[in-house]
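Q: Could you walk me through this one before I set anything up? I'd like the overall picture to begin with, and then the details.

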Amino acid sequence: GAKAPALSEVERLTQDFEAHESEESKFLAQYKEVAAKTQNRMARFLLQMIISDEEKHHAATQAMAATLKADLNWNNPKATLRGLYDLSEEKDRLRQLTGAFIRVEKKGIRKYKELIKSSRGYYRDLFVVLFESMVHDSKKHIKMLGFLRKRLEEA
């Protein structure tokens, strides 16, 4: 019989993203269910922090999948991650802002590290875990801003 055509790399990647998105949706629902039912305020707070991150992951995965799909279908819906080169007058201002934001994030990391040291031992190191999470987020923000700044310089 006739063989089905091989999937392109982009099609395979799109399917992987969609499968991952489906899995993440299940976990997100479980997190929300546990957070809603728990009586423990600390557990609920930490779960809400995780839920917030998971919702961002879900949005990012959806946007990446939409971008890949748009490329496959040769269209450009609003949900895609495009437009970096449609900046003209905004480009220089955005580039300056990314540099300023990177400096703010680095300053924040230094402050969080000081706060980690001074809050050790409080609430069984809950504050340490939260500040370490903030350091991690700031490093992630610096990575994203650095990517944006580099693309703006190339534009």
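Q: Which helices are in the pattern, and how many strands are there?
A: This is a predicted model, and the protein in it has four helices and zero strands, so that, by the DSSP runs used here, the pattern read along the sequence is α-α-α-α.

Q: What share of the residues is buried?
A: Of the 155 residues, 25% count as buried, while the protein exposes about 11,700 Å², with carbon and sulfur atoms supplying 57% of that area.

Q: And the contacts, how many join residues at least 24 apart?
A: Taking the contacts between residues at least 6 apart in sequence, 60% join residues at least 24 apart.

Q: Which residues of H1 are buried?
A: The buried residues of H1 are Thr-14, Glu-21, Glu-24, Leu-28 and Ala-35, and what covers them includes helix H2, residues 41-73.

Q: Moving on, which residues make up the largest nonpolar core?
A: That core has eight residues in all, namely Ile-102, Ile-109, Ile-116, Val-128, Phe-131, Val-135, Ile-142 and Leu-145. The elements giving two or more residues to this core are H3 and H4, and the largest share, five residues, comes from H4.

Q: Is there a general reason why such side chains end up together, or what tends to happen?
A: In soluble globular proteins, nonpolar side chains tend to be buried together.

Q: What does Ile-142 touch?
A: Leaving out residues up to four places away in sequence, Ile-142 touches Ile-102, Glu-105, Lys-106 and Ile-109.

Q: Now the charges. How many salt bridges does the structure hold?
A: The structure holds ten salt bridges, and one of them joins the side chains of Glu-33 and Lys-37, with an N to O distance of 3.1 Å. Glu-33 and Lys-37 both lie in helix H1, four residues apart, which is about one turn of the helix.

Q: Are those two buried or exposed?
A: Glu-33 is partly exposed, with a relative accessible area of 44%, whereas Lys-37 is exposed, at 58%.

Q: What about Arg-95, which residue does its side chain meet?
A: The side chain of Arg-95 meets that of Asp-92 in a salt bridge at 3.3 Å, N to O; being three residues apart in helix H3, Arg-95 and Asp-92 are separated by about one helical turn. Arg-95 counts as partly exposed at 31% relative accessibility, and Asp-92 is partly exposed at 44%.

Q: And Lys-140, what does it form a salt bridge with?
A: Lys-140 pairs with Asp-137, the closest N and O atoms being 3.5 Å apart, and both lie in helix H4, three residues apart.

Q: Why does Asp-137 count as buried?
A: Its relative accessibility is 19%, and buried means under 20%, so Asp-137 falls within that class, while Lys-140, with 30%, is partly exposed.

Terms used:
Residues numbered from 1 in each chain as written. Predicted model: local features only at pLDDT ≥ 70, side-chain atom pairs only at ≥ 80, totals over all residues. Heavy atoms only, no water. Buried < 20%, exposed > 50% of the residue type's maximum accessible area, 1.4 Å probe, protein only. Contact = heavy atoms within 4.5 Å. Areas by Shrake-Rupley, 256 points an atom, 1.4 Å probe, with all protein chains shown as cover. Core = buried A, V, L, I, M, F, W, Y, C linked by side-chain atoms within 4.5 Å. Salt bridge = Lys/Arg side-chain N within 4 Å of Asp/Glu carboxyl O.
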